[in-house]
Amino acid sequence: MSLHGQLLLAVESSCDETGIAVIADGRRILSNVVASQTALHAASGGIVPEVAARAHLRWIVPVLDQALADAGATVDDVDAVAVTYGPGLAGSLLVGINFAKTLAWVHDKPLVGVNHLEGHLYAAWLRDIGQEDGPDPIFPLVALIVSGGHTFLVEMADHLTYRLLGQTVDDAAGEAFDKVGRLLGLPYPGGPAISAAAEGATAATRFPRARTAGPYDFSFSGLKTAVLREVAGYRDRGAPIPIDGLAAAFEEAVVDALATKTVAAADEYAVAAVAIGGGVAANQSLRTALRQRLDALGLPLLVPPPAWCTDNGAMIGAAAGFRFLAGDRASPALEAIPNLSLAWSEG
Ligand code: KG4
Ligand code: ZN
């Protein structure tokens, strides 16, 4: 069996995007439909789990219909049905898992359970249908995963094997963006809002970079507190708060921390490439900073287009391709594991 000729249907519902994709050959996107709940959660300034689960239920059938129509495929055409089983919100995960289980059972297809974090990693070499050139996985590589719930650096010597080099000791990078966005009065989610406010602005200050015990660990809670203090200072003085300038200073500090440690790890472990994934990898400043610093070392950066950095079904299909090939099959008893971690060995 090889990835060539393989056709998978992949379902993602771990957080606030309902995503279903049809993926060929382990990485070619035949369709990738995402129903985002961002507008729904903007009103409350964050995700309400119950609301998220209900929205998945509302949208999952229309998203499947659209994904099959776009791909010109039926469920009977695919080799397997893949689904995210963690980490994520329990209620949201359950909608996708039960949906995928039912599809697999009715159509007599194998079921493949996928770790959401592995999906973010495997998005790095996805390709659009018809796209001949594109990034290939080159091993060994260092991968930075930066999402709303996770921030870690791993070394991959080969497919599906991970050695942990470092991780956040407090907030995830995306969580820091979201919290600071709220603090600056910007709309939810904070990541894109801060990025837009920072564009073209001059940093209002220079926030300190955190020191961590592990060389490749990250810490963002001190930075969040520093922004809070800065905002309070302006308030106390009755001065207008330079939202854009503070957004720029915050983004600069986060990007610097992420890029500095990722590049240092790539250098120390003498890898052949660097991959990044997760919602924060959509950040243009981070992409530019990493590309510039890695260019200087002659290392390629494997990074998905912004739309494939945030949650989607295609990334789950990309990881599922290799899992399926490796013989991974989920039982009909597959359960949601909200705190699932990537199976890594300690660095
Ligand atoms: O990977 P993702 O879609 O969901 C999780 O698995 O968490 O990541 C969502 C996170 C949010 O915290 C959001 O603010 C952040 O990614 N994000 C960004 C950008 N776009 C999304 N952060 C910084 N800059 C962006 N352009
Ligand atoms: Zn995610």
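This is a predicted model: local features need pLDDT of at least 70, side-chain atom pairs count only at pLDDT 80 or more; totals for chains, interfaces and linings use all residues.
Trainee: What span should helix H9 have?
Mentor: Helices (H or I, at least four residues) and strands (E, at least two) are DSSP runs, numbered from the N terminus. The expected span of a helix is 1.5 Å times one less than its number of residues. For the 14 residues of H9 (residues 284-297) this gives 20 Å, and the end C-alpha atoms are 20 Å apart, in agreement.

Trainee: Which residues of H9 are buried?
Mentor: Buried means under 20% relative accessible area, exposed over 50%, and partly exposed in between (1.4 Å probe, protein chains only). In H9 the buried residues are Leu286, Arg287, Ala289, Leu290 and Leu294. They fall within an arc of 165 degrees seen down the axis, so they line one face of the helix; the arc is that of the directions from the helix axis to the C-beta atoms. Gln292, Asp295 and Ala296 are exposed on the face turned away from that buried side.

Trainee: Which protein atoms are donors of the zinc ion (ligand 2)?
Mentor: Donors are N, O and S atoms within 2.8 Å of the metal (3.2 Å for Na, K and Ca); water is not among the atoms, so sites may look incomplete. Here the protein donors are His116 (NE2), His120 (NE2) and Asp311 (OD), lying 2.0 to 2.1 Å from the zinc ion. Along the chain their spacing is H-x3-H-x190-D.

Trainee: Where do His116 and His120 lie?
Mentor: An α-helix has 3.6 residues a turn, so residues three or four places apart point the same way. Both histidines, His116 and His120, belong to helix H4 (residues 116-122) and are four residues apart, about one turn of the helix. His116 and His120 are both buried.

Trainee: Why is helix H11 described as largely enclosed?
Mentor: Twelve of the 13 residues of H11 are buried, so the rest of the structure largely encloses this helix. Among them are Met315, Ile316 and Phe322. The buried residues pack against several elements, including strand E1 (7-12), strand E5 (111-115) and H4, where contact means heavy atoms within 4.5 Å.

Key: Residues are numbered from 1 along each chain as its sequence is written. Chains are lettered from A and ligands numbered from 1 in the order in which they are written. Side-chain values use heavy atoms; hydrogens and water are left out.
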